[in-house]
Amino acid sequence: MSSVPRLVIAAPASGSGKTTVATGLMAAFAARGLAVSPHKVGPDYIDPGYHALATGRVGRNLDAYLCGPELVGPLFAHGARGCDLAVVEGVMGMFDGAAGEGELASTAHVAKLLRAPVVLVVDASSQSRSVAALVHGFASWDPEVRVGGVILNKVGSDRHEALLREALDSAGMPVLGVLRRAPQVDTPSRHLGLVPVAERRGAAVGAVAAMGAQVDAGCDLEALLALARSAGALSCAAWDAGEVLAASSPPPPLPVPSLGAAPPDPHRPERPRPQTPDRLKIAVAGGAAFSFSYAEHTELLTAAGAEVVVFDPLRDERLPDGTHGLVIGGGFPEVYGAELSANEPLRKAVGALAGSGAPVAAECAGLLYLCRELDGRPMCGVLDASARMSERLTLGYRDAVALSDSVLAVAGTRMRGHEFHRTVVEPGSGAAPAWGVRAPDRRVEGFVQQGVHASYLHTHWAAEPGVARRFVERCRTS
């Protein structure tokens with residue numbers, strides 16, 4: 001049973017100011033001495049970095065598509081354990097979720113799963129009395145979603161504020177905060193959204209402090225805390241990496257669908273395996289170029305018996321001593337292509353590790369790093385493929401099935417993932433593809449060779465803990 005007070009911060013549309021308000025609330029409440037648990041709806045990796053700065057705690061995602069609705073409550077309770085308050089930043093517009101899936105994975109869906117009141121952030125910069133009609137529509141659209149109040153953002157003047165308050169008062173909707181335009185809280189963006197904290201930590205600290213000060217001055221924190229305390233109790237056990245690994249067993253594989261390419265025979269004679277210590281060392285890429293990761297992945301690897309060591313491919317010229325396996329997650333290698341290419345000793349070390357048959361799991365940015373080249377610059381050369389920037393944004397949830405046995409899954413295992421990139425890899429798959437994407441299109445994608453699994457697909461291992469267990473066991477026997 002979890003009764004942690006909580007708020008979900010939603011908006012009518014992207015760009016309304018959810019991140020500013022949510023991060024500012026986290027910082028303002030933390031500054032008052034509360035232990036604040038930060039959460040983000042959906043697959044976003046960047047906003048949780050700002051949340052972590054504001055609270056001093058790991059930012060965690062709540063994704064009803066990647067993990068399933070049944071895990072939203074347990075993952076929330078895991079992150080919020082021992083906290084005084086939880087703030088959950090929504091995604092896109094309040095009712096926008098997985099395309100073609102109704103409410104699934106929307107902010108409204110997660111708010112209902114958490115039995116949490118919603119605070120609607122409205123960009124009021126181009127309206128006055130019309131704000132009441134807008135808010136009324138969002139508050140009444142789904143009776144199961146409880147909108148407890150509004151925070152007005154980008155208010156231009158005292159007169160503008162008075163008009164907005166008058167309209168919302170007539171609609172019976174509490175105004176819990178009013179924020180004026182404040183350039184100092186802006187955060188820079190580029191081709192995939194906000195610039196991550198890992199790339200601008202000093203400036204990000206200042207921006208988060210400004211957000212906290214603006215929210216503290218412009219919002220009724222006592223009223224917001226009272227609203228958070230009105231959330232209903234959650235009758236679910238907190239997610240625990242060790243417990244889910246102990247309770248789970250590898251799922252039976254699904255039949256591999258025909259997607260235009262038959263999976264190759266993965267069976268080959270076993271070679272003698274060297275003895276490995278009880279505690280395996282798994283290196284995880286981090287730093288500014290590889291800042292996308294879910295905290296639960298590290299927790300699952302640790303619970304499965306691994307020692308996780310983070311290294312920075314921009315700075316470190318070798319892998320951590322004694323590395324048995326390698327995980328390279330998402331990020332922005334395209335921004336740091338010159339620096340990554342210049343670090344030839346590490347590129348060779350990664351290539352040698354992969355060539356030895358050791359397990360390597362790479363997704364999105366990791367896939368690019370393992371290619372022969374990225375925008376003409378030499379990379380690790382593990383994959384006979386070339387990567388380049390593209391003007392086209394590839395974005396969306398994916399329903400996929402493993403086409404080849406790999407260090408992460410047996411062929412036929414079905415998983416859900418997410419793609420988010422402006423790059424192209426040619427060819428898009430190897431002789432043994434990683435995934436057959438079933439929806440929204442049908443195609444093969446990614447590479448499985450020796451111990452390498454490389455793909456554009458971001459997955460959340462909490463949805464299938466056996467992925468982490470299988471990876472660690474492969475490290476033990478490679």
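The following legends describe close-up views of a predicted model.

Local features are taken at pLDDT of at least 70 and side-chain atom pairs at pLDDT 80 or more, whereas totals for chains, interfaces and linings use all residues. Residues are numbered from 1 along each chain as its sequence is written, and side-chain values use heavy atoms, with hydrogens and water left out.

**View 1. The open parallel sheet of seven strands.** The strand order is β3-β2-β4-β1-β5-β6-β7, with parallel pairing. The edges are formed by β3 (60-62) and β7 (175-180); each has a single partner strand, so one side of each lacks a neighbour in the sheet. Direction ignored, neighbouring strands are turned by 25° against each other on average. Helices (H or I, at least four residues) and strands (E, at least two) are DSSP runs numbered from the N terminus, and two strands pair if DSSP finds at least two bridges between them. In general, strands of a sheet pair through backbone hydrogen bonds, either parallel or antiparallel.

View 2. Four bridges join strand β6 (residues 147-155) to β7 in the parallel sense. In this pair, V155 stands opposite R180 of β7. Helix α2 (residues 47-55) packs on the sheet, where α2 touches β2 (36-41), β3 and β4; contact means heavy atoms within 4.5 Å. The direction of α2 makes about 170° with that of β2. Axes are lines fitted to C-alpha atoms, for helices over the stretch in contact, and angles run from 0 to 180 degrees between N-to-C directions.

**View 3. Strand β1 and its two partners.** All five residues of β1 (residues 6-10) are buried, that is, under 20% relative accessible area, with exposed meaning over 50% and partly exposed in between (1.4 Å probe, protein chains only). Both faces are covered, with R6, V8 and A10 on one side and L7 and I9 on the other. Four bridges connect β1 to the parallel strand β4 (residues 85-89), and R6 stands opposite A86 in β4. Strand β5 (residues 118-123) also runs parallel to β1, joined by three bridges; here V8 stands opposite V118.

**View 4. The buried helix α3.** Nine of the nine residues of α3 (residues 72-80) are buried, among them V72, L75, F76 and H78. The elements covering these buried residues include β1, β2, β3, β4, α4 (107-114) and α10 (295-303). Just after α3, G82 adopts a positive phi of about 80°.

View 5. R470 lies in α14 (residues 466-477) and is buried without a salt bridge, defined as a side-chain nitrogen of Lys or Arg within 4 Å of a carboxyl oxygen of Asp or Glu. The nearest side chain of opposite charge, D405, is 5.0 Å away; Lys and Arg count as positive and Asp and Glu as negative, while His and the chain ends are not counted. Leaving aside residues up to four places away in sequence, R470 touches D405, S406, V407, L408, A409 and V410.

View 6. The whole structure contains zero disulfides, a disulfide being a pair of cysteine sulfur atoms within 2.5 Å. The closest cysteine sulfur to that of C83 belongs to C236 and is 15 Å away, too far for a bond. For C364, the closest cysteine sulfur is that of C371, at 11 Å, which is also too far. C83 counts as buried because its relative accessibility is 10%, and C364 is buried with a relative accessible area of 7%.
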